[in-house]
Each structure stands twice: as C-alpha cells, then as structure tokens.
Amino acid sequence: LTSVRYPDLKRGNYATVTDKDVALFERILPGAARVITDPSELEGANTDWIKNCRGASQLLLKPKTTEDVSAILKVCHERNLAVVPQGGNTGLVGGSVPVFDEVIISTQQMNQITSFDSLSGILVCQAGCILGNLDNYVSEHNYTMPLDLGAKGSCHIGGNLATNAGGVRLLRYGSLHGSVLGLEAVLANGEVLDCLSSLRKDNTGYDVKQIFIGSEGTLGIITKAAILCPQKPEAVNLAFLGVESFSKVLEVFRATKRSLAEILSAYEFMDTETMKVATDNLKLNNPVSDHPYYILIETSGSNSSHDEEKLNQFLETMMESGLVLDGTVAAEKTKIDYIWSIRERIAEGLLHDGYCYKYDVSLPLENFYDLVTDMRTRVGDKATRVVGYGHVGDGNLHLNVTSPQYDTDVMNLIEPFIYDWVSQYKGSISAEHGLGFKKRQFIYHSKSRSAVKVMKNMKTIFDPKGILNPYKTLPDE
Ligand code: FAD
Ligand code: MLT
Ligand code: ZN
C-alpha cells in the first residue's frame, strides 16, 4: 500500500481520543459494533478504495439516527476532536478517510427509507442508504434513481450528495443540484439543520441545501435527503460502436443528439488502451472488433419497439456513412448489463496494474482527447499505461495512468502538468470526483481567488473550529 502524503502537512491542533471519550460514545451508541476501536476492524475504514491514502484513526463510530450524529458532534465540538464523515468509502480523492487520527463517523447503519410518494416520485431516506438498494426499491414503484455509477453497490446516497457525484445518467437527468429537493444535516456543533423540504418549487430565500451538495463533509454531516426520482423507462436499448478517431466520437455525438434526441440517456467513450484493461485485466470480451475508440450509447424511453427501431436505423445510417466501423445493439438485459460492465468496471480493472494515478477533468470537447495524447508522450514508457475514457457527452474525461507501484518520477511528470494543461483551456481539474485530500491544493487552477475566499468564509461560519473533515477541499495558504 502506497500513501500519497504531503510530507510537510502538520496535524491540526485537535485533541486526541481518550478512554473517557470512548466510554461516552459507548453510552451515546449502545449495542454491539457501533463504537469500533479494534485496529484490524479500523483498517478498511482508514484506507480509501483506490489505495492511494491511508489514515490512522483509532475510533470508528456508527450512528443510526440524526440524534446520534448530533450527540456525537456535540461531544467532538466541545472536546475539539476532528472527524471525517464516511459513507461507502468509494470516493476517489482521499476525502473519505482520515489523514491523521480523525474520528470516523460512518453512515453505514443509517439505512432507512423514510417515505416514498408513488405519484410525485419523491423519495426521502437516510444518508446511509446504498444507491443500488434505493434504485431497487424505487424501481418496484416504476421509478429510477436520477444517478447511476459503477460504485452503486456500495456507495451511500449521503456520500453521493456530499461529492455531488455525476455518473452515467447525468446527461439525461442533470446533476444532483436539480434532483435533490431537500436535505437534513448536522452542523459541527451538533445543531440539526432542517432543509428537508420535498417541494418541487420553493423560492423562499437562499437555497441553503445546495451548499451541502459537493461540500465533501466539510460543512456538516448529511443525515437525510429528499430526492426527485424520474419515471423508470419502459425500454432501455444500448449500442456499442467502434470508430477510427476521436473526432469521429464527436461527430457521432452530434448525430446521436439529432437522431435520438429525447430518448438518449448516456453517451460514454473509451479508447483502445482502456478496452485492453477490460479484456486483459478483467477478462471481459470486446463485443465488437478492435478499433481505436469505442462509444456506448444508451437510450431510455417508453416504447420498446419504437426505440429499438430508431436505434437500429441510426446505426445503419452511421455504418453506411462510414462514421461507425463496427457496432452491436442490445435490447435484452443480460447483454445490456454485460456491455455496461465493460464500461463501469474500468476503475476496478486499472487497479490490477498496481498503482493508479486518477484524474477526472472537464474540458471543451475540441481539446478533450489531446490531453491523453500529450500525457502519453510525456510519461512514455515510465508508465504501464495511459488511458482515456468517460462521460464525453458531459465534457468529462477520465484520464488514468498506471504503474506497478507508486513512483515519484511518474507523479512529477503528471502533476502539475495536467492541472496547468486543464487550466489553459479553462476546464475543471475535478469534474465529478471532488477535491478531497488529493486535489485541494490545485483548486486555484479552476476557481478564482475571490470564489475560494467566499468558500473559506462559509467554512468559518459553519465550522468555526474546523473539526469537520480537516485537510480536505479547501487549500492551505
Ligand atoms: P465516501 O467515499 O464515503 O465519501 C465521499 C466524500 O463525502 C468524503 O469527503 C466524505 O467525507 C463525504 N461524506 C460521505 N458521507 C457523508 C455524509 N453523510 N455527510 C457529509 N459528508 C459525507 N463518482 C462520480 O461522480 N461518477 C462516477 O461515475 C463514479 N463512478 C465510480 C465508480 C467506482 C467503481 C468507484 C469506486 C467510484 C466512483 N465514483 C464516481 C466516485 C465516488 O464519488 C462515488 O462512488 C460516490 O459518490 C461516493 O459515495 P460514498 O458513499 O462511497 O462516499
Ligand atoms: C467512472 O466514470 O468510471 C468513474 O468516475 C470512476 C473512474 O473515474 O474511474
Ligand atoms: Zn465518472
């Protein structure tokens, strides 16, 4: 396990957990396995999914209710104990694990659905509900969750909100800033902030809940959310295509938007190096013949034969025009799931190479893939591979470099080069994964000094002692 650490980072002036604190938390959280101090049990919660970051917390707490979280934070605030909120621990920027010995507050046991309105599609639930479980639940009522991502089997809705996660359906349903109607959070001093409205329209002053979406656990612990779920599509169809250049990926996107318009629900791409991760590392089969670039198009609509016909016709036109060299369509669930797994398991497949340097940027589409080409030239054979894939329909590129283990030379070739490159095209250095621990010092590449100043002022208002997820999101001066 390699840690990405800033060697000159100093632990904040926080208290350390005492036996007396542990005894108090045991009184707040009675019952088995809710106050964890055993180092072997803490190991998983101290380590992030991608194994880039590891903390040294000696205490993991598992509240069940908002009142539990409030009582925990009251103690932490009074005692000046730093905390890190943790959901499914699938975050990719080191935000969900402690840097030093912060107390880990997990939402694992906060997994109750409060209500679901089958007419409006509004779901109210606790923050620790697993995204995939919520999707299964609402689908029984003919609804679907407005976001979908590869980690759905373990990520929590609270973690999704705290990250403002994007995923593969953002193209269709928009960001969580639109789908979240309300939320409840506990502030640093234990006060419960009730913004749990579940109205579509509510212009009564500032929309306070929005500040928590994407705040990465630095402003409060989200305990509940009200989410507007779209109707579950009756028909889902998929096309997987091979094309010869990145400019063709963009040309097909233009044609897709025109021809598939209202039924388009995802437009993803991957390069041939990425496909090798799926075939070599995960032993999955490429559903078409080998090409430099691949496109995954998903349609979701209400009429299966209409959508299928539309997609088949579109594919035929694309192949006749020579834009698309090879393609396959899928209407049955097993084939759809298989093709989606090729795309969604890339993050997992990359870990088979050893160490993964993960980047997630927004770029104008005309410059989009040049970054991958430039990075390949720059790192040369020092890396195992440089891959480009992602949510091209949203202007979001995932650029990943791998090597057998963490290598400072490779890192120095990548950073700050990549951030300067993105900044030059006025892109974002984090499109959907957040800044967390790993990217916060580069915030100025994408945000103005004036905006960061406002962020810091907001942090002071919400968390004057700085106990909530220190060393995350905001940069050190
Ligand atoms: P965690 O990792 O536990 O936490 C993430 C951040 O939120 C941390 O800063 C944490 O402190 C904070 N936090 C967690 N819960 C709370 C809470 N209740 N209140 C306040 N703060 C909290 N992201 C995308 O945007 N799009 C993708 O397509 C995507 N795909 C992924 C695929 C895989 C295989 C993996 C491993 C990750 C992927 N991610 C993606 C990254 C990640 O953002 C999401 O998995 C998810 O949003 C994180 O949720 P989580 O519950 O695991 O949060
Ligand atoms: C994805 O789209 O696959 C996720 O954001 C994870 C990743 O970037 O690897
Ligand atoms: Zn993604």
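Let me begin with the conventions. Residues are numbered from 1 along each chain as its sequence is written, while chains are lettered from A and ligands numbered from 1 in the order in which they are written. Because the model is predicted, local features need pLDDT of at least 70 and side-chain atom pairs count only at pLDDT 80 or more, whereas totals for chains, interfaces and linings use all residues.

I turn to the overall picture. The protein has 16 helices and 16 strands; these are DSSP runs, H or I of at least four residues for helices and E of at least two for strands, numbered from the N terminus. Its C-alpha atoms fill a box of roughly 75 × 55 × 45 Å along the principal axes. For 477 residues, a compact globule would have a radius of gyration near 23 Å, and the protein agrees with its 23 Å. That radius is taken over C-alpha atoms, and the globule rule is 2.2 Å times the number of residues to the power 0.38.

How much of the protein is buried? Buried residues make up 48% of the 477. A residue counts as buried if 20 or more other C-beta atoms lie within 10 Å of its own, as exposed if 12 or fewer do, and as partly exposed in between, with C-beta atoms placed from the backbone. Among contacts with a separation of 6 or more, 75% join residues 24 or more positions apart; a contact requires C-beta atoms, placed from the backbone, within 7 Å.

Next, the domains. There are three parts: domain 1 (113-228), domain 2 (235-346) and domain 3 (353-446), with bounds from an automatic or database domain assignment. The C-alpha centres of domain 2 and domain 3 are 24 Å apart, and 14 residues of domain 2 contact 12 residues of domain 3. On the domain 2 side, the elements giving two or more residues are α8 (246-260), β11 (264-271) and α9 (272-281). Of these, β11 gives the most, with 6 residues. By class, this side has 10 nonpolar, 1 polar and 3 charged residues. Here Ala, Val, Leu, Ile, Met, Phe, Trp, Tyr, Cys and Pro count as nonpolar, Asp, Glu, Lys and Arg as charged, and the others, Gly among them, as polar.

Methionine 270 has tyrosine 389 in β15 as its bridge partner. Strand β15 (residues 385-391) is largely enclosed by the rest of the structure, because 6 of its 7 residues are buried. With β16 (residues 396-403), β15 forms an antiparallel pair over 7 bridges, in which valine 386 is partnered by valine 401. Their hairpin has 4 residues between the strands, and glycine 395 there takes a positive phi near 70 degrees.

Now the ligands. Where does ligand 1 lie? It lies between domain 1 and domain 3, because both give residues to its shell. Of the 38 residues around ligand 1, Gly87, Gly91, Gly95, Gly158 and Gly159 come nearest; a residue belongs to such a shell if its C-beta atom, placed from the backbone, lies within 6 Å. Around ligand 2 we find Gly150, Ile346, Ala347, Asp360, Gly390 and His398, that is, 2 nonpolar, 3 polar and 1 charged.

Finally, a region of domain 1. Histidine 177 lies in helix α7 (residues 176-179) and is partly exposed, with 13 other C-beta atoms within 10 Å. Leaving aside residues up to four places away in sequence, histidine 177 touches Gln210 and Ile213. Strand β7 (residues 180-186) is mostly covered, with 6 of its 7 residues buried. It pairs with β9 in the antiparallel sense over 6 bridges, where leucine 183 partners alanine 225. Strand β7 is also joined by 4 antiparallel bridges to β8 (residues 192-195), and glutamate 184 stands opposite aspartate 194 in β8. In the hairpin of β7 and β8, with 5 residues between the strands, glycine 190 takes a positive phi near 95 degrees.

Technical notes: Two residues are in contact if their C-beta atoms, placed from the backbone, lie within 7 Å. Two strands pair if DSSP finds at least two bridges between them.
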